[in-house]
Amino acid sequence: MNPYDFDYLRKLLKDRSGLVLSAEKQYLAESRLLPLARRHGLSTLAELVGRLKTELATSQIVTEVVEAMTTNETFFFRDKLPFEHVRETIMPALIAARAREKRIRIWCTAAASGQEPYSIAMILKEMERELTGYRVDILATDLSTEMLDRAKAGIYSQFEVQRGLPIHLLVKYFEKAGEAWQIAPALRTMVQFRSLNLLNDFTPLGMFDLVFCRNVLIYFDQETKTGVFNRIARQMTDDSFLILGAAETVVGLTDAFKPVMDKRGLYAPNLAARQAARLGPAAPIVRYAAKG
Ligand SMILES: C[S@@+](CC[C@H](N)C(=O)[O-])C[C@H]1O[C@@H](n2cnc3c(N)ncnc32)[C@H](O)[C@@H]1O
């Protein structure tokens, strides 16, 4: 691919998804986009870029290129620790704090093929007794419509259910579907899937008590990460929790969150920063001349 075409692609991806594609990732673009080009009857990446330039931003081929460049790697109970936080720290705290309204809202911001939100749903099912009378909503979003379709179907290969999913949960919450496994309807209905780009406005989603934002910000630059954190913070209640991926942190990017002591990967809204933001810039000191 010539450098001009590669630069065009890099800009398109950054603008459309936040993905920063470094110069040494040209091979990745080539290996992922050449098959896509061929499916559209184009024989080279130069032809594909030419086609992108003449298409409207909303066209199917632009969407396909952006989706083809996302990394969708995920698995059930990935990294284990975040799910221990949910079971042992977060849910007990939220159950106590929401004893009056009995409603808890969870948002999984980059859900990929659904293993993350379904892992949360399994934890909640296992806590059914403690959650009696509570309504818990799980919203799972992603940029990729292909991933969302997979997630909604909830069908996983033998390989996928062998990655991270304890056997007793497989037996309890999945049904055999030919060679594959399908998540049981009772769990599927606990998760609402919706298309959402993390670069867009989150206000229509409402407020959340727990947000998972894992293994997606690693692909963004500092400025984009800061913007996403600050916009997520606005959708979170004062006593809510944020969970990041093992290689992610808020440190040096925003003061909207602070780490929860001794709980790796777990963050809470920084109420002091929140209060300061609500008050706005300090009022100017007005001096009055003494009368008389
Ligand atoms: C590596 S997966 C992470 C899945 C899951 N959170 C986990 O940790 O296992 C990253 C996901 O982020 C999604 N993604 C990438 N850019 C996005 C954006 N701008 N808005 C929303 N989702 C995005 C991709 O489609 C992909 O499914």
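Helices are taken as DSSP runs of H or I with at least four residues and strands as runs of E with at least two, both numbered from the N terminus. On this basis the protein chain of the predicted model comprises twelve helices and ten strands. Along the principal axes, the C-alpha atoms of the chain occupy a box of roughly 85 × 65 × 30 Å, and 32% of the 292 residues count as buried.

The chain is divided into two domains, with domain 1 spanning residues 3-68 and domain 2 spanning residues 81-277, and the C-alpha centres of domain 1 and domain 2 are separated by 30 Å. Five residues from domain 1 and ten residues from domain 2 take part in the contact between them. On the side of domain 1 that touches domain 2, the residues comprise two nonpolar, two polar and one charged.

In soluble globular proteins, nonpolar side chains tend to be buried together. In the present model the largest nonpolar core contains 56 residues, of which Ile106, Ile138, Val211, Cys213 and Leu242 touch the most other members. Apart from neighbours within four places in sequence, valine 211 makes contact with Trp107, Thr109, Ile232, Met236 and Leu242.

An open sheet is formed by three strands in the order 3-5-4, with antiparallel pairing. Strand 3 (155-156) and strand 4 (174-177) are the edge strands, each pairing on one side only. The antiparallel pairing of strand 3 with strand 5 (residues 180-183) extends over two bridges, and glutamine 182 in strand 5 is the bridge partner of isoleucine 155.

Within strand 1 (residues 103-108) lies arginine 105, a charged residue by class. Arginine 105 is buried because 22 other C-beta atoms lie within 10 Å, against a threshold of 20 or more. Once neighbours within four places in sequence are left aside, the contacts of arginine 105 are Asp137, Met207, Phe208 and Asp209. Leucine 94, eleven residues away from arginine 105 in sequence, is 10.0 Å from it in space, as taken from C-alpha to C-alpha.

The ligand is surrounded by 22 residues, of which the closest are Thr74, Ala110, Ala112, Leu198 and Asn215. Classified by side chain, this shell around the ligand holds seven nonpolar, ten polar and five charged residues. Alanine 112, one of the closest residues to the ligand, is placed in the loop between strand 1 and helix 6 (115-126). Alanine 112 is buried, since 26 other C-beta atoms are found within 10 Å.

The backbone geometry of two residues may also be noted. Most residues other than glycine have a negative phi. Alanine 112, although not a glycine, has a positive phi of about 50 degrees, and aspartate 262, likewise a residue other than glycine, has a positive phi near 65 degrees. Aspartate 262 occurs in the loop that lies between strand 9 (257-259) and strand 10 (266-269). With 7 other C-beta atoms within 10 Å, aspartate 262 is exposed, whereas alanine 112 is buried.

Methods. Residues numbered from 1 in each chain as written. Predicted model: local features only at pLDDT ≥ 70, side-chain atom pairs only at ≥ 80, totals over all residues. Near = placed C-beta within 6 Å. Domains from an automatic or database assignment. Contact = placed C-beta atoms within 7 Å. Buried ≥ 20, exposed ≤ 12 C-beta atoms within 10 Å, placed from the backbone. Pairing = 2+ DSSP bridges. Core = buried A, V, L, I, M, F, W, Y, C linked by C-beta atoms within 7 Å.
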